[in-house]
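I opened this model to look up a few points. My entries follow the structure.

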Amino acid sequence: MKVHGRLILFSLAAPIAYTLAYYFDWSLFQYYVSEGRIHFSPLPASAGPPILWYGWLATAGLAGGAIACAAPRRLIARLSPELPWLIPVAALLAALIYEMRWFL
Amino acid sequence: MMTALLILHGLLAVALLGAVTHQAFAATARRGELRTRSFFARFRATDAAAYRNAVVVLFSAVMIVGAILYPRYRFLVRPILQTQDLRSANGAFELKEHFSAIGMMVLPAYWAFWKQPLSPEYESARVWLTWIVALIVWWNFVVGQLLVAIKGLFL
């Protein structure tokens, strides 16, 4: 990969990390709407439902950033030019399958 | 304040929709077609690479404003969807959430692939990524509009 290999690697790693984050509930933090505060460990149910989406974004951003920074140049140079669109398509399909429960 | 932000979110989304749709059609234009005078040929006869920064900035802005509005949706709108058992509407928004996140994460690659001079090696990746971003933007726009109007439409 000649063009901005690390940016492209971020775009490969982060959607995978995001998919894993919502599937396995790896939220870096929770935002409690009723309190308007962020907590790094879950509160009891009486605190109301938390927003996990911000935490999933943070998990994916950090994981994607770490992988993009740490990957050796040789690996980046060997990435297939098809991967940058195949991975997001797979991530979108995974989201569709995961959320299908709402439509059945 | 929140109403103003919701309107801003909608206006930015309209601008993004226009930019990315133009770019997606221009990126897939066939060479001979650009010389014809049909509506689609004129629609496509634009410099696709010129939209790169506009799409990245607008997508990020829409996402940031959406993220600010999100707690209000969870606090006010989602409970209504749940009590009225509007499961499809709820699911459509869940998909909007995931699609926005994935769209935001592919933007660095999208930006890199559209950087001048365009590399012919990555033409298919460039076209595919542009269409992925365009489909995400269209889905999110339509779902957003439906949810804003849901009281009038379904309740």
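Sheet, chain A. I find three strands of chain A in an open sheet, in the order 2-1-3, with antiparallel pairing. Its edge strands are strand 2 (37-39) and strand 3 (50-51) of chain A, each of which pairs on one side only. I took strands (E, at least two residues) and helices (H or I, at least four residues) as DSSP runs numbered from the N terminus. Two strands count as paired if DSSP finds at least two bridges between them. Strand 1 (residues 30-32) of chain A and strand 2 of chain A are joined by three bridges in the antiparallel sense. In that pairing, A:Gln30 stands opposite A:His39 of strand 2 of chain A.

Conventions. Residues are numbered from 1 along each chain as its sequence is written, and chains are lettered from A and ligands numbered from 1 in the order in which they are written. The model is predicted: local features need pLDDT of at least 70 and side-chain atom pairs count only at pLDDT 80 or more, while totals for chains, interfaces and linings use all residues.

Confidence. The predictor gives the complex an ipTM of 0.93 and a pTM of 0.92. For chain B I note a mean pLDDT (the predictor's confidence in each residue, from 0 to 100) of 90, with 94% of its residues at 70 or more.

Interface. I looked up contacts (C-beta atoms, placed from the backbone, within 7 Å) and found 30 residues of chain B in contact with 31 residues of chain A. On the chain B side, helix 3 (52-83), helix 4 (87-113) and helix 5 (123-148) each supply at least two residues. Helix 4 of chain B gives the most, with 18 residues.

Helix 4, chain B. Which residue marks the bend in helix 4 of chain B? The helix bends by about 40 degrees at B:Leu107, and B:Pro108 follows within four residues. The bend is the angle between axes fitted to the seven residues ending there and the seven starting there. I also see that 21 of the 27 residues of helix 4 of chain B are buried (20 or more other C-beta atoms within 10 Å; exposed is 12 or fewer, partly exposed in between; C-beta atoms placed from the backbone).

B:Ala19. This residue is found in helix 1 (residues 2-27) of chain B. B:Ala19 is buried because 21 other C-beta atoms lie within 10 Å. Leaving aside neighbours within four places in sequence, B:Ala19 is in contact with B:Tyr51, B:Ala54, B:Val55 and B:Leu58. B:Leu58 is 39 residues from B:Ala19 in sequence and 9.0 Å away in space, C-alpha to C-alpha.

Terms used
Two residues are in contact if their C-beta atoms, placed from the backbone, lie within 7 Å.
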